[in-house]
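The sequence and structure come first.

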Amino acid sequence: MSSRLGKFVDSVWGSVKTRFSRKSKRDEISRSRRRDESGPSRSSHWNKSGSSKRPSLDDDDDDDDESESAPDPLMWSKDLENHYYGEFSFAVVQGNSEIEDYSQVETGTNATFVGVYDGHGGSTTAHYIRDNLFLNLMRFVQENRTMSEANLNSAFAATEEGFFSVVDAAYGQEPLTASVGSCCLVGVIWDERLYVANLGDSRAVKGYLSKSNKIAAEQLTSDHNASSKEVRREMKAMHPGDKNIVFKKDGMWRVKGIIQVSRAIGDAYLKKPEYALDARFSRFHVPERIRRPVLRADPSMYSRDLKPADRFFIFASDGLWDHVSNQRAVEIVHKYPRAGIARRLLKSALSEAARKNNMTYDELKNQRKGVRRRIHDDTTVVVIFIDNELLEQKADVPLMSVLGGFDNPGQSMFNILKETIPNA
């Protein structure tokens, strides 16, 4: 997306947020969320660790000691922070000229929220989701006085509806607003119960101790990607009269020959005929009229109580899983110190991406953003550790909002629940 389009959409977005605000309370929440303007900007922290000291790292077959090499100038991390159920590690690396991954971790009393938003076609949708989905969820939790799969579904639907308001307001002057979308992976731990909602091909993986006392991986989400036979069967069943609903292009299975994911927020041009893009926009042009939404925006859901064998959960965009298997990822997390473990996972993925392109990771780090996208995608990793012994202690944890790319946390909007939700 061009910078001109981005600026235009930002201005429209501001007016639409005010115009379509459903409650004055939500406006108050949004205003209080803003970061201190004197704090560091998003773009200035891709070469800094979030902690005051970088941990010493042991040698590993696919992860050399960082202390002997320069830091990655396009990587940001919060090496280790606390949440109500334990600790978490958070890292992001940029590949695109303009980063399209947005993300957040929200910590509260008896609650933790993780959001990973992997944008495509530009950053606008992912940015919008980060600014709105969590607040939408808090609104529904307030109204219903509980966390539930239904509330998560409603929050996703409200976020999709809100973004379509942005598209509607901008489409006349900037039609490409209709081409921007984002995968959306959310994890919520609430009152010792885990909820996961997913659109697209980001992934949540659990690390747990098996009966043989070895670390094992369990994938908690389905990949909504046309590379999956199951997804292709689903698409063909939902669109029986459309022979071109999914086919291979440039060696990859794609929905309408354009996009790999089958579910996302945004991508209005594949959901409503009034947002179709004509032949001037060849990359997004669909010759036949869209009669029903091609992409879905209803998330797949997973929920269950935390178990004693649970050790951690990894939430990550597909840039990690393209290069690191589920089992390898949990083995790395289990083997090495917690501090900086999200960064270590990223480095493992980047080292493998570099190897596939006949270069070393140090050589990859010398490539500028944009050029690096030919080698790896923007990638976000969040590792949420579960310390079962802490669940009985009910320790106080700051209500903290950590946004990917920002060194200075803000206060989480979990605080609006303290007077209305028991144990929140």
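## Basis and overall figures

Accessible areas come from the Shrake-Rupley method with a 1.4 Å probe, and for residues only the protein chains shown count as cover. On that basis the protein chain exposes about 18600 Å², with carbon and sulfur atoms supplying 45% of this area. The model is a predicted one, in which local features need pLDDT of at least 70 and side-chain atom pairs count only at pLDDT 80 or more, while totals for chains, interfaces and linings use all residues. Residues are numbered from 1 along each chain as its sequence is written, and side-chain values use heavy atoms, with hydrogens and water left out.

The protein chain has nine helices and 17 strands; these are DSSP runs numbered from the N terminus (helices: H or I, at least four residues; strands: E, at least two). Of its 424 residues, 56% are buried. Buried means under 20% relative accessible area, exposed means over 50%, and partly exposed lies in between (1.4 Å probe, protein chains only). Among contacts with a separation of 6 or more, 73% are between residues 24 or more positions apart, where contact means heavy atoms within 4.5 Å.

## Aromatic pairs

There are nine aromatic pairs in the structure. Rings of Phe, Tyr and Trp (its six-membered ring) pair if their centres lie within 6.5 Å; planes under 30 degrees apart count as stacked, over 60 as edge-to-face and the rest as tilted. Trp76 and Phe90 form an edge-to-face pair, because their planes are at 90 degrees, with ring centres 5.1 Å apart. Trp76 belongs to strand β1 (residues 75-83) and Phe90 to strand β2 (residues 86-93), so this pair ties together parts 14 residues apart in sequence. Trp76 is buried at 0% relative accessibility, and Phe90 is buried with a relative accessible area of 0%.

Phe113 and Phe134 make a tilted pair, because their planes are at 55 degrees, with ring centres 4.7 Å apart. This pair links distant parts of the chain, 21 residues apart: Phe113 is in strand β4 (residues 111-120) and Phe134 in helix α3 (residues 124-144). Phe113 is buried at 0% relative accessible area, and Phe134 is buried at 1%. Ring pairs join Phe113, Phe134 and Phe414 into a cluster.

## Charges over rings

A charge sits over a ring if NZ of Lys or CZ of Arg is within 6 Å of the ring centre and within 35 degrees of the ring normal. Arg232 lies over the face of Trp253, 4.1 Å from the ring centre. Lys365 has its charged end over the ring of Tyr361, at 4.8 Å from the centre of that ring.
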